[in-house]
Amino acid sequence: MRDGTLAELHWLTASDAARAIAAKELSPVELVQALIERIAKLDPKLNAFIRHDGSSALQAARQAEAEVMVGRLRGPLHGVPVGIKDIIDVAGLPTTCHSKILDGNIATADAVCVHKLRGAGAIVMGKLSTHEFAIGGPSFDLPWPPARNPWNINHHPGGSSSGSGSGVAAGLFPMALGSDTGGSVRNPASCCGIVGLKPTYGLVSRRGVFPLSFTLDHVGPMTRTVTDNALMLETLAGHDPLDPGSAAVPYGHYAAALERPVRGLRVGFVRHFHEVDLPAEPEVTAALDHVARTLQLEGMEVRDVTLPSLDEFRAINRVILQSEAWAIHEKWLQQRPGDYAQLSRRQLMTGAFFTAGDYTHAARRRLEMIAEVEAVLREVDVLLCASSMDPACRIDRPADLERTYPRQARTPFNVTGHPALAMMSGLSADGLPLSVQFAGRYFDEATVLQVARAWERASGVDGKHPPIL
Amino acid sequence: MDKATIEMLARRAGLAKALAEFPEDVAVAARQAESAVAKVKKCDDPRAEPWPPMRAGSGL
């Protein structure tokens, strides 16, 4: 029913898998079976899954195959496997948020994003590791171990959507859902060398996703290629009247726009993020310069631009995030502080020490910072900047984790709500992914993806996979 | 923020149990809050509005 060998199926992109399944060249059962075998082999080292649901996935694959054989395709992701971060509800499965606190919390319905993926034909493979409640860091004092980086399992995979990043990069599934409140889709995308998009605030429904911070939370697609990311976003985007943050705006055919000409696009390079605000490792800086030169060679106009400082963006993000998170976790932190990991306990208790005035000042300053970014985005079509200032450090060195985790430029776009995508910019001398970030105007994911695709096409980063696997 | 202030604020927030079991974590949390607030510029314009804006309509 297909070309190629079983050994290659795990590197199939979602787009190629969907195309082959629709053409009856690939059986969804065979694809899912191959991934189940790969998960059985690799996940004991990677810990990407909290709960692997192989039997349900196989059942769904058989159903998908039966539908294909009678000419019925549910949608553009028919038969394509997907992993779901374990703060997102999947009907009948526990949503634990990787925490003792939610032990026994069985979801009664799919989150809207999962419902949409299933409606497009995707097959849920299971629930994925996260930092506890999507905050904190890799923790060894929780019921499940932290996910690890497939490029080097002694290194962390980023977070908080850590299992999503690890599993996509390792070929356990071609696409995954993550969430992003301070960079949690883009951090694992950066550490694991995949493509992670935080869409515009309000583009993707958050209903059925355990909240961290109501005004900063986003759900986003994580894939190995830009094309797959666009395809997944097409399925996820759209207004949800029952999500108070959801925007009633037209949304695009992102995949069709990917190959549009990029000549003449104006790119604002936010150099001060990684040269002044948080000086990056030399390899990171060199890779960013290489991306800028490549975009110029593709015909884009690259100019330096200035945004507010990373220090203030981070502070605004922290005050708002931790204040809103405190409102969610207050009762549990009062009654069950020992049931949290130390890292998340420290982050979540911080919200207890802000005043109403602190929160309101941050929210007011947030609007001013949005205006400053909007002013720059009237002069350029897309922003180019760093994502992480360092490659992923070792997972077993708390001091290194504490030092490198805040060294990032992702929170600005949670504060402002603009769409932002992180992907590989190259590899370090140690063979770990380096990263770049593109951000754009509100609801203009099409241009962000178009520029990301131009970089991917010119650099070939989509062909790089973890060698140890 | 001194130790007495941290303890007073923690108790006021209902964190007596955390204060007893994880005093260092409570202190770290308090210092993190203090550090973040110090980096947020205050708006000079008294009419400056927050984001997200208040909206009448479908959300109510």
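Helices (H or I, at least four residues) and strands (E, at least two) are DSSP runs, numbered from the N terminus. The structure is a predicted model, in which local features need pLDDT of at least 70 and side-chain atom pairs count only at pLDDT 80 or more, while totals for chains, interfaces and linings use all residues. Residues are numbered from 1 along each chain as its sequence is written, and chains are lettered from A and ligands numbered from 1 in the order in which they are written.

Chain A contains an open sheet of 11 strands with mixed pairing, in the order β1-β3-β2-β4-β6-β5-β10-β11-β9-β7-β8; two strands are taken to pair if DSSP finds at least two bridges between them. The edges are formed by β1 (49-52) and β8 (301-304) of chain A, each of which pairs on one side only. On average, neighbouring strands of this sheet are turned by 30° against each other, direction ignored. Axes here are lines fitted to C-alpha atoms, for helices over the stretch in contact, and angles run from 0 to 180 degrees between N-to-C directions.

Within the sheet, β5 (residues 195-198) and β10 (residues 420-427) of chain A run antiparallel and are joined by three bridges. Lys198(A) has Ala420(A) of β10(A) as its bridge partner, and Gly196(A) stands opposite Ala422(A) in the β10(A) strand. β10(A) is also joined to β11 (residues 433-440) of chain A by seven bridges, again in an antiparallel arrangement. Met424(A) has its bridge partner, Ser435(A), in β11(A). The two strands β10(A) and β11(A) form a hairpin with five residues between them, and Gly431(A) in the turn has a positive phi of about 80°. Six of the eight residues of β10(A) are buried, so this strand is largely enclosed by the rest of the structure. A residue is classed as buried if 20 or more other C-beta atoms lie within 10 Å of its own, exposed if 12 or fewer, and partly exposed in between, with C-beta atoms placed from the backbone.

The axes of helix α8 (residues 226-236) and helix α16 (residues 445-459), both of chain A, come within 9 Å and cross at roughly 160°. α8(A) is therefore roughly antiparallel to α16(A), given that angles under 35 degrees count as roughly parallel, over 145 as roughly antiparallel, 65 to 115 as roughly perpendicular and the rest as oblique. The crossing of α8(A) past α16(A) is left-handed, the near helix being turned anticlockwise from the far one by less than a right angle. On the α8(A) side the contact is made by Val226(A), Thr227(A), Asn229(A), Ala230(A) and Leu233(A), and on the α16(A) side by Glu445(A), Leu449(A), Ala452(A), Arg453(A) and Glu456(A). Residues are in contact if their C-beta atoms, placed from the backbone, lie within 7 Å. Those of the contact between α8(A) and α16(A) divide into five nonpolar, two polar and three charged. In this classification Ala, Val, Leu, Ile, Met, Phe, Trp, Tyr, Cys and Pro count as nonpolar, Asp, Glu, Lys and Arg as charged, and the others, Gly among them, as polar.

Helix α5 (112-119) of chain A is mostly covered, with six of its eight residues buried. The buried residues of α5(A) are Val112(A), Cys113(A), Val114(A), Lys116(A), Leu117(A) and Arg118(A). Their cover includes β2, β3, β4, β6 and α8 of chain A. Just after α5(A), Gly121(A) takes a positive phi of about 105°.

Two residues other than glycine also have positive phi. Asn47(A), with phi of about 55°, lies in the loop between α3 (28-46) and β1 of chain A, and is buried, with 21 other C-beta atoms within 10 Å. Cys97(A), with phi near 55°, is found in the loop between β2 (81-85) and α5 of chain A, and is buried, with 24 other C-beta atoms within 10 Å. A cis peptide bond joins Gly159(A) and Ser160(A), with omega of about 15°; Ser160(A) is placed in the loop between β3 (123-128) and α6 (162-169) of chain A.

At the interface, 30 residues of chain B are in contact with 33 residues of chain A. Elements giving two or more residues to the chain B side are α1 (3-12), α2 (16-21) and α3 (23-38) of chain B, and α3(B) supplies the largest share, nine residues. The chain B side divides into 19 nonpolar, four polar and seven charged residues. A cis peptide bond joins Trp51(B) and Pro52(B), with omega of about 5°, and Pro52(B) lies in the segment after α3 of chain B.

Key
Two residues are in contact if their C-beta atoms, placed from the backbone, lie within 7 Å.
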